[in-house]
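Please look through the sequence and the model below before reading on.

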Amino acid sequence: MGRTLQNTMINLGLQNACDEAIYQLGLDMEELEEIEEDAGLGNGGLGRLAACFLDSMATLGLAAYGYGIRYEYGIFNQKIRDGWQVEEADDWLRHGNPWEKARPEYMLPVHFYGRVEHAATGAKWVDTQVVLALPYDTPVPGYMNNTVNTMRLWSARAPNDFNLRDFNVGDYIQAVLDRNLAENISRVLYPNDNFFEGKELRLKQEYFVVAATLQDIIRRFKASKFGSTDSVRTVFDSFPDQVAIQLNDTHPAMAIPELMRIFVDIEKLPWNKAWDITKRTFAYTNHTVLPEALERWPVDLVEKLLPRHLQIIYEINQRHLDHIASLFPNDVDRLRRMSLIEEGGIKRINMAHLCIVGSHAVNGVAKIHSEIVKTEVFKDFAVLEPEKFQNKTNGITPRRWLLLCNPGLAELIAEKIGEDYVRDLSQLTKLHEFVDDDLFIREVAKVKQENKVKFALYLEKEYEVKINPSSMFDVHVKRIHEYKRQLMNCLHIITMYNRIRRDPAKLFVPRTVIIGGKAAPGYHMAKMIIKLINAVAQVVNNDPVVGSKLKVIFLENYRVSLAEKVIPATDLSEQISTAGTEASGTGNMKFMLNGALTIGTMDGANVEMAEEAGEENLFIFGMRVEDVTELDREGYRAQEYYDRLPELKQAIDQIKSGFFSPNEPDLFKDVVNMLFYHDRFKVFADYEAYVKCQEKVSELYLNSKAWTKMVIRNIAAAGKFSSDRTIKEYARDIWHVEPSDLKIPPPNEPRDAVEEKTLNGLAA
């Protein structure tokens with residue numbers, strides 16, 4: 001979520017008033033804003049996407065709730081020591097959190113372990129351990145529409161009789177200390193991005209948020225007029241018409257068997273009716289096609305922790321497979337491929353399959369990704385129900401990612417096309433009229449330069465490196481992962497370094513290369529990549545021959561508040577994943593909206609950015625998905641590229657020989673070995689095209705006016721990538737609710753006056 005103060009002021013239309021008031025108190029608002037901790041309750045794009053969606057849902061007047069876990073410790077703080085990543089706990093609640101309100105009156109029980117008893121009345125889950133879920137509510141204000149939605153985060157609490165109610169030997173002290181065991185559930189965020197780690201505590205977290213949330217939703221449904229109670233039993237027929245639940249990846253997949261358990265075991269609905277309601281309630285968003293990221297929980301673990309849920313999953317699977325067998329008799333391989341249970345070795349539950357079977361809609365997050373989901377990853381399911389599969393291209397909120405982080409550019413745009421674009425970003429196309437306006441071109445360039453000077457000062461303060469603000473700011477910020485290919489960027493840096501050293505007198509377009517992002521603590525290769533970048537930076541930044549032509553900076557502790565600083569100052573945005581691996585990306589959109597040009601592969605939303613702006617206004621290079629498939633068929637042989645490309649050979653030899661690690665020459669042997677013998681993401685295959693494309697970038701940067709015109713064309717084409725557009729599509733195609741841009745009356749306005757206005761409006 002990042003910081004809340006400035007976003008709240010902007011959405012409430014109070015920023016100028018607050019700035020002025022604080023100034024009159026002899027304080028500086030920006031200094032105050034820097035004191036607030038980031039709420040870092042997710043890992044990368046998936047968590048930030050949810051935050052943008054909350055902003056858009058409130059701005060569109062949707063009655064929507066964001067549910068999650070109130071982690072005591074969020075994503076770790078990253079320190080770089082001697083070039084290595086070191087993790088520190090993110091104690092973000094140390095000074096309290098003024099934006100949250102605990103709601104103990106809505107505390108709910110969540111059950112774990114135990115066993116299942118079968119009686120004539122149905123199944124009963126008994127002898128469970130209980131953990132309480134305490135909700136904390138954070139307000140989510142819409143933009144200038146007097147709407148405030150709620151983000152409800154659950155915190156785990158032990159019940160007061162915890163460990164004291166059972167045959168306890170009277171060790172009261174130990175029993176109270178053991179309360180921590182229950183409360184550990186919401187202690188810390190697992191820091192993996194695009195990687196599945198099948199730990200028991202993680203499964204507990206996933207079920208905890210699901211069980212508390214579903215109880216909350218059903219309580220609210222029953223309290224409303226829709227849960228018409230004929231004396232005892234609630235009628236749930238209207239449930240899917242009143243409730244839509246969007247599963248953000250498979251992490252909350254246990255919601256499907258949990259809702260079935262509530263309907264069948266507790267509310268006593270017949271299975272088929274319960275299943276129909278469940279399917280019509282849920283929709284599933286897939287966020288990745290990387291096999292190592294797909295959640296596959298061991299059956300033994302689920303049986304121990306959630307025995308009733310395992311039975312329900314088996315029943316869902318049995319009926320699912322019976323259905324497929326009736327359509328494809330004797331096709332046992334299809335049954336194996338489509339089962340929710342994977343046999344062979346340890347039995348596992350494929351959570352994506354559970355989500356697909358238990359939802360009425362499944363979507364990817366960019367056109368190319370949704371195609372891959374339909375034709376490759378979940379092909380068998382798409383053949384069965386093609387109408388279930390959709391695309392919803394991701395977006396970003398223009399409030400945080402333009403108004404808040406780049407007020408200079410936001411104001412400049414408003415001067416040209418008015419202020420309405422903030423709620424309707426498609427209006428940015430009006431900027432096309434000014435692409436040849438010399439004054440506007442100069443003003444856009446000036447805003448970028450001011451942002452760069454400001455960020456350069458920040459870097460000099462934080463890193464004690466002298467930055468040339470007229471150099472090209474070449475920025476690669478995102479989680480560190482092999483598929484995102486920070487290594488390819490690193491090889492380009494080494495190549496530029498070698499070219500400068502070979503011919504110091506030759507014209508070289510000065511660059512400041514900024515790379516930032518966190519590596520999962522257990523991801524050895526990602527940590528080695530960080531060390532390599534820092535080792536290269538050490539050599540490059542201290543070579544007198546290079547001087548101010550090339551500087552390399554590893555940006556420590558990349559997070560939302562740092563993104564808000566670096567993105568507006570960026571000239572070149574690096575989006576260089578292997579085609580077919582980045583589901584969408586959203587950083588790419590933030591850079592586009594803030595006047596950076598993109599160098600990238602035809603992957604994720606880059607494809608649609610090129611479609612919107614024209615491919616000639618992005619620096620697109622490298623293999624397309626088809627080329628990658630073809631190369632896999634032939635067999636990728638890294639050695640051939642190494643032998644054929646002298647500059648690649650030189651760079652690799654330098655890494656291998658210890659040129660960048662003289663005290664430990666074989667420090668990077670694992671990295672080099674990976675690049676040659678098991679590089680799933682084919683860095684060498686795109687290296688040559690990447691370097692050539694970078695030369696075109698440098699050439700254009702020399703012509704400031706031509707560069708800025710391309711920037712304006714990009715900003716003018718960025719309108720599609722508002723999360724408002726994304727949410728409108730979810731609302732109409734999946735949730736079946738209508739967004740409203742009606743500004744509801746402020747609470748200080750008398751109600752009757754409001755009704756009169758509304759009636760007049762209708763009459764008009």
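A salt bridge is here a side-chain nitrogen of Lys or Arg within 4 Å of a carboxyl oxygen of Asp or Glu, and a search of the whole structure finds 66 of them. The model is a predicted one, in which local features need pLDDT of at least 70 and side-chain atom pairs count only at pLDDT 80 or more, whereas totals for chains, interfaces and linings use all residues. Residues are numbered from 1 along each chain as its sequence is written, and side-chain values use heavy atoms, with hydrogens and water left out.

One of these salt bridges joins the side chains of Arg94 and Glu37, at 3.1 Å from N to O. Arg94 lies in the loop between S3 and strand S4 (101-102) and Glu37 in the loop between helix H3 (29-33) and H4, so the pair ties together parts that are 57 residues apart in sequence; helices (H or I, at least four residues) and strands (E, at least two) are DSSP runs, numbered from the N terminus. Another salt bridge, at 2.8 Å from N to O, is made by the side chains of Glu100 and Arg70. Since Glu100 is in the loop between S3 and S4 while Arg70 is in the loop between strand S1 (65-69) and S2, this pair ties together parts that are 30 residues apart in sequence. Both Glu100 and Arg70 are buried, where buried means under 20% relative accessible area, exposed over 50%, and partly exposed in between (1.4 Å probe, protein chains only). Glu615 and Arg624 also form a salt bridge, with their closest N and O atoms 3.2 Å apart; here Glu615 is partly exposed at 40% relative accessibility, and Arg624 is partly exposed at 27%.

The chain is assigned domain 1 (37-391) and domain 2 (456-719), with bounds that come from an automatic or database domain assignment. Their centres, taken over C-alpha atoms, are separated by 36 Å. Contact, meaning heavy atoms within 4.5 Å, involves 33 residues of domain 1 and 38 residues of domain 2. The area buried between the two domains, which is the accessible area (1.4 Å probe) that two parts lose on being put together, summed over both, is about 2800 Å², with 54% given by carbon and sulfur atoms. Gln78, Trp84 and Ile368 supply 21% of the area that domain 1 buries against domain 2, more than any other three residues. Three salt bridges are counted between domain 1 and domain 2. The side chains of Lys367 and Glu611 meet in a salt bridge as well, at 3.0 Å from N to O.

Which residues does Thr512 contact, leaving aside its neighbours within four places in sequence? They are Ile467, Asn468, Ser471, Met472, Phe473, Asp474, Lys551 and Ile553. Thr512 is found in strand S20 (residues 511-516) and counts as buried at 2% relative accessibility.

Arg400, in helix H17 (residues 398-404), is likewise a buried residue, with a relative accessible area of 5%. Not counting residues up to four places away in sequence, Arg400 touches Met1, Arg3, Asn7, Arg48, Cys405, Val560 and Glu564. Asp724, placed in helix H31 (residues 723-735), is buried with a relative accessible area of 3%, and its contacts beyond four places in sequence are Ser56, Leu60, Arg399, Val422 and Arg423.
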